Amino acid sequence: MLVAVAVFPGTNCEIDTKYAFEKLGAEVALVFHKEEKLPEGTDLVVLPGGFSYGDYLRSAAIAKFSPIMKAVIEFANNGGKVLGICNGFQMLVEAKLLPGAMKRNESVHFISKFHPLKVVANDNLFLQKCTIGEVLNIPVAHGEGSYYIDEAGLKELYANHQVLLTYCDEKGNVQNPNGSIDAIAGICNKKKNVFGLMPHPERAIEEILGSDDGVKMLQGFIA
Amino acid sequence: MKVIVNIQLKNGVLDPQGKAVHHALSSLKFNEVNEVRIGKQIILDIDESDKVKAEQRVTTMCDELLANTVIEDYTIEFPAC
């Protein structure tokens, strides 16, 4: 299992992501944004969190034109598995690999804390090890994470089980930290090979650091 | 040629920054303010003397990079120099 983790100027979660996937037994290659090709035999591409290109203009607006992103878009369009975390999720919507758009948090504040998430759909690779309704404790850290999609798009997401995770409280009741439509925290594309979420599962893989709920999420890609 | 691009959130898309500023203005007793919307302005200096061509090019720039048309609208202006 080879995981390619893309690194852009301003990315800051690539080492955590590498650590997480290596802990799960995968081989991990860091791939610089100027590369035009993914490593031979890449099974999964991860676009990690951070502030690519300083978040100038809009989060991830510039990253989508990086040489490596051309390869990632081609990989995804050929059915390759792609996971975008936080800034990576923003890249996936900017690159139109996932529908919708990301807005400034409703509170206008940067939010950095553990936040419970509810599993909405598990008929996909990513969350296959989780049960529907299960509450996971995962850190969030973003200023532009308010997910927006129009009504027709939202209907389509639900119809195809593309809404993966929503923000909730510890008991699983809706609790929306950033103003996302329907408190959505993570989605996938129609073909279910491209996944994006604002929270950071790679930061929740050691119990001693607060939670290891990220393990069963990321493990979905390994099995 | 100078071109000014104004970008703002579409009508109906909540603007949390505008809301926060509106709240601040209200607390300063500027009670006549009904709504605040915050956008951004991008000023371009481009090598093109034909206005029509310039507008076409800048429209493409907006669609490809400058604006996210899922949530943002843009206008293109040519200031009198």
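Q: Is A:Glu170 buried or exposed?
A: In this predicted model, A:Glu170 has 10 other C-beta atoms within 10 Å. A residue counts as exposed if that number is 12 or fewer. Because of this count, A:Glu170 is exposed.

Q: Between which two strands of chain A does A:Glu170 lie?
A: A:Glu170 belongs to a loop of chain A. Beyond residues up to four places away in sequence, A:Glu170 touches A:Pro116 and A:Val135.

Q: How many residues does chain B bring to the contact with chain A, and how many does chain A bring?
A: The side of chain A that touches chain B divides into 4 nonpolar, 4 polar and 4 charged residues. Chain B brings 9 residues to the contact, and chain A brings 12.

Q: Why do strands E2 and E3 of chain B each have one side without a neighbour in the sheet?
A: The open sheet of chain B has 3 strands, paired antiparallel in the order E2-E1-E3. The twist averages 20° from one strand to the next. E2 (40–45) and E3 (72–77) of chain B each have a single partner strand, so one side of each lacks a neighbour: they stand at the edges.

Q: Which residue of E2(B) is the bridge partner of B:Val3?
A: Strand E1 (residues 2–9) of chain B pairs with E2(B) in the antiparallel sense over 6 bridges. In E2(B), the partner of B:Val3 is B:Leu44.

Q: At about what angle to E1(B) does helix H2 of chain B run?
A: Helix H2 of chain B spans residues 51–66. This helix lies across E1, E2 and E3 of chain B. Its angle to E1(B) is about 35°.

Technical notes: Residues numbered from 1 in each chain as written. Chains lettered and ligands numbered in written order. Predicted model: local features only at pLDDT ≥ 70, side-chain atom pairs only at ≥ 80, totals over all residues. Helix = DSSP H or I, 4+ residues; strand = E, 2+ residues; numbered from the N terminus. Buried ≥ 20, exposed ≤ 12 C-beta atoms within 10 Å, placed from the backbone. Contact = placed C-beta atoms within 7 Å. Nonpolar A, V, L, I, M, F, W, Y, C, P; charged D, E, K, R; others polar. Pairing = 2+ DSSP bridges. Axes fitted to C-alpha atoms, helices over the stretch in contact; angles between N-to-C directions.
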